[in-house]
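Here is a friendly walk through one protein model. Have a look at it first, and then we can go through its inside together.

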Amino acid sequence: MSAVDELVQPTPAPRRSPWSLTLTFGLILVGIHVAVALLTLFWTPYDPTSTSGGRLEPPSFLHWAGTDRLGRDFFTQIMIGSRIALTVGAGAVAIGAAIGVTIGLLAAFATRFLDDALAATLDILIAFPTLLLAMLVVAASESPGLWSAILALGIAMSAIVARLTRILAKRVLQNDYIIASRTSGTSWPGVVVRHVLPNIWPTLSVNFALQFGLAVIAESSLSYLGLGAPPPNASWGRLLQEAQGTVYTAPIGAIAPGIALVTLVIGINLLADGLRDIGDPVRRVSR
């Protein structure tokens, strides 16, 4: 190759790492909450039910975030709130994924009449706000509590997951390699495991991350309304509800749970955005 040809030869575009700053910040924020949640399983600054502190004490060396109206250490309550938020988010996403992916795959393989019926049913369920549907499920349960909230949120979110799974699976089933796989003798369950799920999983994982953040917010809303984790569980929503009467005299009671909730949701959204960049090379290069 001559020197002129080398000059004319196009310069290959630099390969960008899928690891982005967005994903880094998301992992840091979520990682902090996960570390705190795991720490509460073995240690907390004070007993969560201890009322040995003074009532509504300001932040100090002994009580880093002060105390609540009952004399409990507020920093301990915030730490336990991280564990409850992550438990609810993980549980709701697991239930929603199990129900939604199953229904979505069945709809993708169903006959036209059954597919249309399932699609219409999913559209009706999605039309209901997630929080409202979760409130109805919790109110209908015999013993409202943390696990009732997790089950309610998982059921409420399963319709969105099912609809997305149905759309993605039907798109994959239209490809020629599905016909080739069936011709070679692969059963339909084998097609799902080998081709459908691996192709739809990147998009589903991003949706699961977003659903996780929505579940955390929804659980805080349920607890604020008295339908979430009952006392002595220190849900951030319940802490916000208890602090509304002392917001002027002890504002830390409202500020601290709000900051904890916001940082976790922002971290989850950044993590979802980073996962979207990894799954979509075109989007990653355009940034």
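How many nonpolar, polar and charged residues does the lining of the largest cavity have, by class? The lining has 5 nonpolar, 3 polar and 3 charged residues, where Ala, Val, Leu, Ile, Met, Phe, Trp, Tyr, Cys and Pro count as nonpolar, Asp, Glu, Lys and Arg as charged, and the others, Gly among them, as polar.

## About the model

This is a predicted model, in which local features need pLDDT of at least 70, side-chain atom pairs count only at pLDDT 80 or more, and totals for chains, interfaces and linings use all residues. Residues are numbered from 1 along each chain as its sequence is written, and side-chain values use heavy atoms, with hydrogens and water left out.

## Overall make-up

The protein chain has 11 helices and 0 strands (DSSP runs numbered from the N terminus: H or I of at least four residues for helices, E of at least two for strands). Of its 287 residues, 41% count as buried (under 20% relative accessible area, with exposed over 50% and partly exposed in between; 1.4 Å probe, protein chains only).

## The cavity

There is 1 cavity of 30 Å³ or more. A cavity is a set of points on a 1 Å grid over the protein atoms alone where a 1.4 Å probe fits but cannot get out, and lining residues have an atom within 4 Å of a point. The largest cavity holds about 90 Å³ of space, a volume being the space filled by probe spheres set on the points, which are joined across faces, edges and corners.

Helix α9 (residues 236-243) gives the most to this lining, with 3 residues. Among the lining residues are Asp-68, Arg-69, Phe-74 and Glu-242.

Leaving out residues up to four places away in sequence, Leu-264 touches His-33, Ala-85, Leu-86, Val-216 and Trp-236 (heavy atoms within 4.5 Å).

## A look at Ile-268

Ile-268 sits in helix α10 and counts as buried because its relative accessibility is 4%. Beyond its neighbours within four places in sequence, Ile-268 contacts Val-30, Ala-209, Phe-212, Gly-213 and Val-216. Phe-212 lies 56 residues away along the chain, yet the two C-alpha atoms are separated by 7.4 Å.

Definitions and conventions:
On a 1 Å grid over the protein atoms alone, a cavity is a set of points where a 1.4 Å probe fits but cannot get out, and a pocket is an open set with protein on both sides within 12 Å along at least five of seven lines; lining residues have an atom within 4 Å of a point.
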